[in-house]
Structure formats: C-alpha cells, structure tokens
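Please work through each task before reading its solution.

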Amino acid sequence: MEFLQKLGITSENKGTGTGQSWLSAGNNNIRSLSPVDGKLIGSVQATTRADYEEVIQKAQQAFKEWRLWPAPKRGEMVRLIGEELRKNKENLGKLVSYEMGKSLQEGLGEVQEMIDICDFAIGLSRQLHGLTMHSERPGHRMYEQYHPLGLVGIISAFNFPVAVWSWNAMLAWVCGDVCIWKPSEKTPLCGIACQHIVAKVFRENQVPEGVSCLINGTAEAGEWLAADCSIPLVSATGSTRMGKAVATMVAQRLGRSLLELGGNNAIIISKDADLNIAIPAAVFGAVGTAGQRCTTTRRLIIHEDIYDVFKEKLVKAYQQLKIGDPLDTRNHVGPLIDKAAVDAYNNAIAACIQQGGQFVVKGGMLEGENFSSGCYVRPCIAEVAHNLPIVHTETFAPILYLIRYKELEEAIAIQNSVPQGLSSAIMTNNIRESEQFLAHNGSDCGIANVNIGTSGAEIGGAFGGEKETGGGRESGSDAWKNYMRRQTNTINYSTQLPLAQGIQFDL
Ligand code: UN1
C-alpha cells in the first residue's frame, strides 16, 4: 500500500516522538489491525515511563523558547503544516479510512477539517487579543493579556483520529503552547503519520525539539498526562467514562481539563419539515462513520402526523445503503472499529428488544469474503418509547431510535431528557418552532441546528456540549482562550497611590 510508505509508516514504528526525533523504547508493541480487512497494518512501540519523562523534559525546554516566538511567526509554522497537509491529503485520507474504517470521502473530509483549522489558526495568530477597561482610580490604566499556557496534553479518540488532534494542536501552537499527543491505541498509525508531517515542517524551520510530542499507549499513558502537574491543560475526547476518570485526576491537582465526550443526538422532525432535506440529513447523521461520531444522530423525534410517511421513506432510504470496503467510494457504510464495538452493537440491539423496542430495519453482522474482518454491521432502526434505558445510552454504532410526539414542548423535553448534551437539530419551515427550539427553554445542547443534521459541524464554531458531554468547547469561535492564561494588568502612571474601593491607608 503506497500511501503507507508515503506517510513514513513501516511495519514496525517507534511510538514516542519529540518533534523531529524519535525515542526508541522496548518491544511492548501496539498492533494496528485494519477493521476494513482485519489485516495487521503495522505495530507501534508503546511509550515507557522513562521515555515519557524525557518527553516532558523536552517539552518543558521547548516551551521556554517557543513562547518567545511572535504569535504570527508561530502562525506561519501552522500555515506550512497546512500546506503539507494539502500535499498529503489523499494519502492521509486513505490511512484514516483504512485504519479507522470510515469512508474515503469522510477520511478526506477529516483531512480537510485539519486544513481548515490550520487556516483558522493562522488568522487567529494575529488576533489573540484581550480587553482594556477603565480603571476606577485616576492616572491608572487596566488591561488584560493572554499569555501562552505551557504544556498541553491531548488525548484523542479513534473516530476522528487526526482532525480532533489538529483542532487542539494548531490552536495551542499559535497560542505558544507545546503539545503532547496520545492518540487512541486503536489508531496509532494516524498519529505517527501526522508526527512525520509536522516534523518535516519543524525541522526545516528550526522549531525547537519538543513543540510537537507524541506518546503511545493504553489508558495508562493517558493517566500519566492527567496526573502530571507540569501539564496545565489536558484536552480529552472520548467516552464519558474516560472523561470522568481524566477530569477527576486533573481536578485533584487543580489543572484544567477540556472535555469532549459522548453525545446522544436527536433530530426533531416537525410536521412542517421539508422531507427532501430531513430524510438525507437523518440517514447521513445516523449511518455516516458507521454511527461512530460523537455527533451521530441516535434519535429521531417525529411528529405523529407525518410519522408513518417519514418512517416509510426512511426505511426505503436504508434499503439503498451499500455496506462494504470504505475505500470503495460506491459504499456508504464501512465497518465498526473492532470486534468489541460489534459486541456493543449486538448487546444494544438485544437490550432494545428486551426493553420493548421494535425493529423496523433489522440489524446484524455481515458475513462473507468481503466482510472477513468481522466488523461490518447493518445500520438498523427501532421504534421505541423515549424513556427506555438503552435509548439514554450512547452506543457507538448505527442504531437509530424512532420516537413519536404530539406537541413541540414534549419533543424538546424528550430531546433534553438524556444525560448527554452535544448536538441537536430541528427540521421545520415554521419560524416559531425553530425559534422555540433555539430559545432559553429549547435545546439544552452545545450545538443546535435548524434544517441540517446533528453531525458535520464546521470548524469555525465552538464545538462541544453540556452535561455528560463534558462542557468543553474546541475548534472555532473563542475556544483558543482555553489554551492561554489570562493576566489582568493595572498600571499606575500618577504620582499618588490611591487604593481601590476608596480605602484610606495613611502612614
Ligand atoms: C467527533 O465525533 O468526535 O461535527 C467530532 C462533526 C465533525 C466532528 C465530530 N466535524 O461530526
């Protein structure tokens, strides 16, 4: 496979990097198996504790120098990374597709997201601005500035193995921070490929060794980051269970965490919905990335007047879906990430039936020569009561639940009744309904859309959600502020020393 070679991936890869160099550890290897065909793509050395400590030392040294580079110059490095990504888009997109299992279109889309966040970060490098305020004291000036924060730990998930790291790293770099990335142990080669791409740019431009660090390992390596007092910010994407563990460890040392965890996203389909938009939005939202996005549509809350018509159209659309090799662009749905994910899918289906759900499109595993990895499953649809325990659980698989409603208030209450709060949408041409959905007492999610689905957010907006989703915001808008420390400065240019609040202190 030529794309592996072009990305610097071999059958055995060092897994600990500090930018331009790699550390060589023992033979405790992580094996990356493709869910596409079940084959071993390559192995990666897990980071040892001793190597981890060396990484942290390098990162600390690098930060001292990197924070002194002018922000627009750091932005220039990110611009060059964006250029490299453009050159490598095809190869990296293929690797994402082959190692993670999403369709090639989506793999390329993910690399496009990386390129877009580079562009965003370049502009940002000239806009890291604070406010000025009027002092209550004569002859005084007050303002605030944002300074680089330090070391940023990034824990990313398998489902967006390259884009989510980029959202964090590109912003952190223009902010003057250095990054230590721990990719998912299910997609370690994506991490290696990105490290090679960045290393080329950093080597050519004398960026200090240690600005871009990579470690590999299981949850233990994530815990090293979470527990490490030298890392002021840990940004973690993944399951709510993982997020709670990371947040607890980081909080214990009063560090900052930025969490982007599970979703249980719904689309409300009003009787005033344009079905030509609503059907494809629901189908892409539910089956795209084989239901393995945090923003995947898991619930459709459908008005009773159009419920039957909508269901019929949806079932027809599902019958058109082609499941198979994600690198074959004729297929819509690729495999799940691994066999454990297939087990979780099967268990959720069994739980749904046991709890009273009725499947209108049946699930199940695909067998045969083209599905030899054992990771291909059928997207399925069940009619459910909205309060079933399984409907309130995020299962990372293409299982879609249909729920009926009468009044919009009821639909919004159902949509908000789950523990997660990432993405949400309403399909309606009725302006009153859409405003009600977006109002204070409307959707409780971090993302609320009108007439588009729940997934596929643009990088320009702040990405993240409430409740068990973790409360963090990454990517666009002012998410960059997470990666900096704010300092308030008051300067006295008078010859007096008036105290604030009018306090008299005469000597
Ligand atoms: C995720 O699933 O972790 O909005 C991120 C989307 C993508 C990002 C998803 N832009 O679906």
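**Exercise 1.** Identify the buried residues of helix H8 (residues 219-227) and elements that cover them.

*Solution.* Apply the burial criterion: a residue is buried if 20 or more other C-beta atoms, placed from the backbone, lie within 10 Å of its own, exposed if 12 or fewer, and partly exposed in between. In H8, Ala-221, Gly-222, Trp-224, Leu-225 and Ala-226 are buried. Next, look for contacts (C-beta atoms, placed from the backbone, within 7 Å). The cover of these buried residues includes helices H2 (49-66) and H9 (240-252), as well as strands E8 (151-155), E9 (178-182) and E11 (233-237). Helices (H or I, at least four residues) and strands (E, at least two) are DSSP runs, numbered from the N terminus. The model is predicted; local features need pLDDT of at least 70, side-chain atom pairs count only at pLDDT 80 or more, and totals for chains, interfaces and linings use all residues. Residues are numbered from 1 along each chain as its sequence is written.

**Exercise 2.** Explain why strand E13 (residues 265-269) is largely enclosed, and find its pairing partners.

*Solution.* Five of the five residues of E13 are buried, so the rest of the structure largely encloses this strand. One side carries Asn-265, Ile-267 and Ile-269, the other Ala-266 and Ile-268. Strands pair if DSSP finds at least two bridges between them. E13 runs parallel to E14 (residues 297-303), with five bridges, and parallel to E19 (residues 423-427), with four. Ile-269 stands opposite Ile-302 in E14, whereas Ala-266 has Ser-424 of E19 as its bridge partner.

Key: Contact = placed C-beta atoms within 7 Å.
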